[in-house]
Amino acid sequence: MSDAIQTELREQLGTANTRRLRRAGQIPANVYGHGEDNVNISLPAEAIRSVVRAGSRVIELSGAVDSNVLISNCQWDALGSSVLHMDLIRISADEVVEVSVSIELRGSAPGTSANGVVRHLLHETMVACPGLAIPEKLEMNINSLEIDETLTLADIELPENVSLLSDPNTPVVTCVIVEETDEEDAASFDAAAEPELIGQSDDDEENDSEE
Amino acid sequence: MALMPKRIKHRKVQRGRIKGDATRGNTVVFGDFGLQSLEPGWVKAQTIEAGRIAAQQYIRGEGKLYVRMFPHRSITSTPLETRMGKGKGEPEAWVATVKPGTILYEIGGVSEQQAKICFARLAHKMPVKVRMVRRRPM
């Protein structure tokens, strides 16, 4: 967890005020949870950018709100380059939270040397863990992955106090031989071919062609 | 063969305008890296196929390429040396409508360096400005 991020209370709400805030280098956010009142705050955009880039899930706030919070939701702009708004949930050290954690592959599969291709099927999974000990990622070792073999969530070595919430038999990564696509097929594009028209019966089509 | 819909309601549609940014299909979902459009435009079915082949030839036997756009819209044109009038032309091509932010292709199972080279080859074929993006952390 990084240093505490300074927050300011947001009293003027609404679209225009929020846009003004973003132009001034702040990000609007809401803090809620633990049966306390919701608080509208603003956070410095630069600090949030570094937190998001590092993949941190829990941040420490100071100023308008003094507590540890979990990033519950993050709204991005259309190009996915800047954060527009954040939903933050208050958490305590001993509280168990359910979060989605990314799965990263480690090592190289022996199956790839036999023309196999590693297919990463599941990129993230839900886990339950203490609020202040959320793993940044789960690592899966694929050094034993042969062709036509599949590793499941059960094969992930989980850190201490972390438990899976998804089915342990869910496939995560597999190694398969890819069939080569027929590129001649692509070249023979029939420009005259047309899709079928919905609601037009065969009789209508015949009449059209006669005309 | 180039992509086109199987069944449609109307053979010809009005041209319309591409307004705003993509609010759907703007995140990397299947692979690790994506090619994101920065401009609005139409991408022809043949161009989508050409891009797919260019990328597939580079990553042959390694990663997996995902095509995230589909040509749903028909484009009509009047033949050359034809007098004005006589109604709307015949469908000539099928295009995918892309908005700024739309993910056009995704790639998984390759290193970042390989993905960069692959997308550079692919970007040459695209009629819109594009950039490479990675999977969003949250």
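This briefing covers confidence, selected residues, ring contacts and cysteines in a predicted model.

The model is predicted, so local features need pLDDT of at least 70 and side-chain atom pairs count only at pLDDT 80 or more, while totals for chains, interfaces and linings use all residues. Residues are numbered from 1 along each chain as its sequence is written, chains are lettered from A and ligands numbered from 1 in the order in which they are written, and side-chain values use heavy atoms, with hydrogens and water left out.

**Confidence in chain A**

- Chain A has a mean pLDDT of 85, and 88% of its residues reach 70 or more. pLDDT is the predictor's confidence in each residue, from 0 to 100.
- Among the elements of chain A, strand 2 has the highest mean pLDDT, 94. Helix 3 (residues 183–187) has the lowest, 51. Helices (H or I, at least four residues) and strands (E, at least two) are DSSP runs, numbered from the N terminus.
- Where pLDDT is low, the predicted coordinates should not be read in detail.

**His34(A)**

- His34(A) lies in the loop between strand 2 (26–33) and strand 3 (36–44) of chain A. Its phi is positive, about 60°, although it is not a glycine.
- The relative accessible area of His34(A) is 43%, so it is partly exposed. Buried means under 20%, exposed over 50%, and partly exposed in between (1.4 Å probe, protein chains only).
- Beyond neighbours within four places in sequence, His34(A) is in contact (heavy atoms within 4.5 Å) with Arg90(A), Ile91(A), Ser92(A) and Glu95(A).
- The side chain of His34(A) makes a polar contact with the side chain of Glu95(A) at 2.6 Å. It also reaches the backbone oxygen of Arg90(A) at 3.4 Å. A polar contact is a pair of N or O atoms within 3.5 Å; within protein, one must be able to donate a hydrogen and the other to accept it, and residues adjacent in sequence count only if both atoms are side-chain atoms.

**Asn161(A)**

- Asn161(A) also has a positive phi, near 70°, and is not a glycine. It is found in the loop between strand 11 (150–152) and strand 12 (163–164) of chain A.
- Asn161(A) counts as exposed, because its relative accessibility is 56%.

**Ser74(B)**

- Ser74(B) is in strand 5 (residues 73–77) of chain B. It is buried, at a relative accessible area of 5%.
- The side chain of Ser74(B) reaches the backbone oxygen of Arg11(B) at 2.7 Å.
- Leaving aside neighbours within four places in sequence, its contacts include Lys12(B), Val13(B) and Trp94(B).

**Rings in chain B**

- The structure holds one aromatic pair over all chains. The ring centres of Phe30(B) and Tyr66(B) are 5.5 Å apart and the planes are at 20°, so the pair is stacked. Rings of Phe, Tyr and Trp (its six-membered ring) pair if their centres lie within 6.5 Å; planes under 30 degrees apart count as stacked, over 60 as edge-to-face and the rest as tilted.
- The charged end of Lys64(B) sits over the ring of Tyr66(B), 5.2 Å from its centre. This requires NZ of Lys or CZ of Arg within 6 Å of the ring centre and within 35 degrees of the ring normal.

**Cysteines**

- The structure holds zero disulfides over all chains. A disulfide is a pair of cysteine sulfur atoms within 2.5 Å.
- Cys129(A) is buried, at 1% relative accessibility. Its closest cysteine sulfur, in Cys74(A), is 18 Å away, too far for a bond.
- Cys118(B) is buried, at 0%. Its closest cysteine sulfur, in Cys175(A), is 20 Å away, too far for a bond.
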